Amino acid sequence: MPDTLERPTAPHAAPAAHHRPRLGAVIKRVSLSLLIACVIPAALFYAVFATFGVWTAIIVSLLWSYGAIAWRKLTGRRTSGLLFLTAALITSRTVISLMAHSTFFYFLQPIISDGVVATAFLLSLVTARPMVARLAGDFYPLDHELAMRPRIQRLFRDLTVLWALLALGKALMTLWLLQSQSLETFILVKSVTVLLINMSAAAATIGLAVVVARKEGLLGHHVEPALAAA
């Protein structure tokens, strides 16, 4: 009778556990995405505007966005959807302003853009994937099973409403500033205020997401080397 050999069980035979990044890694990813797509362009725009004028600031801001995309592609890093969205909005603002030979249209368009974004976010609530669910993969590794959990779906809907109201509020504030302030005051106040609003909203987003992630067991925990070796 021929000998029969038991084949060892493959190491990957057991169901693979989801990769659970630690909270610090998630915050770092969110912060880096906001820094590249929002904070640096705003600071760069104001610095160049104060030194060389508004048209130079517009062009430099556009070059920064595409330079950031190209650099991440060349270095093999993932480009966030937020950066692509920012580049697309700046491109449309620049093209329309150059065609109209008017900087007024450059500053008017964010008001329209924020209104469009708010509308798109609100309309996405009637679909199976609210807008935040489409962007969440930039900050946390999601698969279909995770995305379909009830708490995760409620979180996506709540955050979509939050960012829709935020975009609408920014549009109304920017419209008031544009109509009531000088160009220099408008750019300074808008840059600082919008940055603070975005940072506060990002902090609120992270806080709400952390509460849900901990309930769902989606955040990894640091394992001490001594315990890991035991």
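Is Tyr106 buried or exposed, and at what relative accessibility? At 2% relative accessibility, Tyr106 counts as buried, a label that means under 20% relative accessible area, with exposed over 50% and partly exposed in between (1.4 Å probe, protein chains only). The model here is a predicted one, so local features need pLDDT of at least 70 and side-chain atom pairs count only at pLDDT 80 or more, while totals for chains, interfaces and linings use all residues. Residues are numbered from 1 along each chain as its sequence is written, and side-chain values use heavy atoms, leaving out hydrogens and water.

As for the overall build, the chain has nine helices and zero strands, where helices (H or I, at least four residues) and strands (E, at least two) are DSSP runs numbered from the N terminus. Buried residues account for 35% of the 230 residues. Of the contacts (heavy atoms within 4.5 Å) with a separation of 6 or more, 69% come from residues 24 or more positions apart.

Helix α4 covers residues 103–124, and its 22 residues reach 32 Å from first C-alpha to last, close to the 32 Å expected at 1.5 Å a residue; the expected span is 1.5 Å times one less than the number of residues. At its N-terminal end sits a cap from Ser102, with a side-chain oxygen 3.2 Å from the backbone nitrogen of Phe104. The buried residues of α4 include Thr103, Tyr106, Phe107, Gln109 and Phe121.

Now for the rings. Searching the whole structure turns up six aromatic pairs, meaning rings of Phe, Tyr and Trp (its six-membered ring) with centres within 6.5 Å; planes under 30 degrees apart are stacked, over 60 edge-to-face and the rest tilted. Phe45, Tyr106, Phe107 and Phe186 form one aromatic cluster.

Back at Tyr106, Arg93 lies over the ring face, 4.0 Å from the centre; the cut-off for such a charge is NZ of Lys or CZ of Arg within 6 Å of the ring centre and within 35 degrees of the ring normal. Leaving aside residues up to four places away in sequence, Tyr106 touches Phe45, Ile58, Ser61, Ile90, Arg93, Thr94 and Ser97. Ser97 is in helix α3 (residues 81–100) and is buried, with a relative accessible area of 0%.

Nonpolar side chains tend to be buried together in soluble globular proteins. A nonpolar core is a set of buried Ala, Val, Leu, Ile, Met, Phe, Trp, Tyr and Cys residues joined through side-chain atoms within 4.5 Å. The largest one here has 18 residues, and Tyr106, Phe107 and Phe186 are among those with the most contacts inside it. Helices α1 (23–52), α2 (54–74), α4, α7 (150–180) and α8 each supply at least two residues of this core. Another core lies apart from it, with 13 residues, including Phe121, Ala136, Ile152 and Leu218.

Technical notes:
Polar contact = N/O pair within 3.5 Å; in protein donor to acceptor, adjacent residues only side chain to side chain.
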